[in-house]
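I opened my notebook to look up a few things in this structure. Here are my entries, in the order I made them.

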Amino acid sequence: MEFTREQAWDLLCKYNHEPFHLRHALTVEAVMEWFARQLGYEAEAPFWGQVGLLHDIDFEGWPEEHCVRARTLLEEAGAAPALVHAVVSHGWGLTGADAQPEHTMEKVLFACDELTGLIWSAALMRPSKSVQDMELSSLKKKFKDKKFAAGCSRDTIRQGAENLGWELDELLSRTLQAMKDQEALIESRCAQL
């Protein structure tokens, strides 16, 4: 079954309540929609977004089973097998997840999940609290500072760029641009939190 956006949001909120986690889901949703359009998958943008929205469905309740419990939660809700695989695959090599990112969309999710968190953390340090005035050079400095947003795995981000066949700078630049272009949408969606 394919979910409407409202059904996907309700499913996410069934298992997630912390504003931080919900904001992250909304951010990844918007970034995934942006990448779908940029990479020639315009017709699939709602699906890419839905995968982004639901990618951490199990993280708040079962962090030790992240990307493993997600399979059960999504299958019980009647999610399409493609959505289940995409969500589970973003934990490949990092958790007990058994699905490898194969489709471009899955590789983008794997690459951007941690990176959106790093970019958002960097934005919060800025006087503007926005990505709009953030330059790539500033992001690269934060990326190199292992103490900054230490929970955001630089190795996973590097591996994600490699999986896509992109240089790290290309991934950083594109994801930063996605967050700039989608910031108003992200903020409007976060207003419901």
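Entry 1: I searched the whole structure for disulfides and found zero. The model is a predicted one. I then looked at single cysteines. C13 is in no disulfide, and the nearest cysteine sulfur belongs to C190, 11 Å away. I noted C13 as partly exposed, with a relative accessible area of 24%. Next I checked C112. C112 is in no disulfide either, and its nearest cysteine sulfur, that of C152, is 13 Å away. Is C112 buried or exposed? C112 is buried, with a relative accessible area of 1%.

**Entry 2: helix α4.** I turned to α4, which covers residues 69-76. Which residues of this helix are buried? I wrote down A70, L73 and L74. Seen down the axis of α4, these buried residues fall within an arc of 95°, so they line one face of the helix. I recalled the general rule: an α-helix has 3.6 residues a turn, so residues three or four places apart point the same way. What covers the buried residues of α4? The cover includes α1 (5-15), α3 (45-54) and α5 (81-89). Just after α4 I came to G78, which takes a positive phi of about 85°.

Entry 3: Most residues other than glycine have a negative phi. K129 has a positive phi near 60°, and it is not a glycine. Where is K129 found? K129 sits in the loop between α6 and α7, and α7 spans 136-144. I marked K129 as partly exposed, with a relative accessible area of 47%. A149 is another residue that is not a glycine, and its phi is positive at about 45°. A149 lies in the loop between α7 and α8, where α8 spans 154-164.

**Entry 4: the largest pocket.** I looked up the largest pocket and noted about 570 Å³ of space in it. The lining has 24 residues, and the closest to the pocket centre are H24, D56, D113, E114 and G151. Which helix gives the largest share of the lining? That is α6, with eight residues. Both α2 and α6 (104-124) supply at least two residues of this lining. I sorted the lining by class: seven nonpolar, 13 polar and four charged residues.

**Entry 5: cavities.** How many cavities of 30 Å³ or more are there? I counted three cavities of that size. The largest cavity holds about 60 Å³ of space. I listed its lining: R23, T27, W120, V131, M179, E183, I186 and E187. Two helices, α2 (19-38) and α9 (168-190), each supply at least two residues of this lining. Of these, α9 gives the most, with four residues. By class, the lining of the largest cavity has four nonpolar, one polar and three charged residues.

Definitions and conventions
Residues numbered from 1 in each chain as written. Predicted model: local features only at pLDDT ≥ 70, side-chain atom pairs only at ≥ 80, totals over all residues. Heavy atoms only, no water. 1 Å grid on protein atoms, 1.4 Å probe; cavity = no way out; pocket = protein on both sides within 12 Å on 5 of 7 lines; lining within 4 Å. Points joined across faces, edges and corners; volume = space filled by probe spheres on them. Nonpolar A, V, L, I, M, F, W, Y, C, P; charged D, E, K, R; others polar. Buried < 20%, exposed > 50% of the residue type's maximum accessible area, 1.4 Å probe, protein only. Disulfide = S-S within 2.5 Å. Arc of directions from axis to C-beta. Contact = heavy atoms within 4.5 Å.
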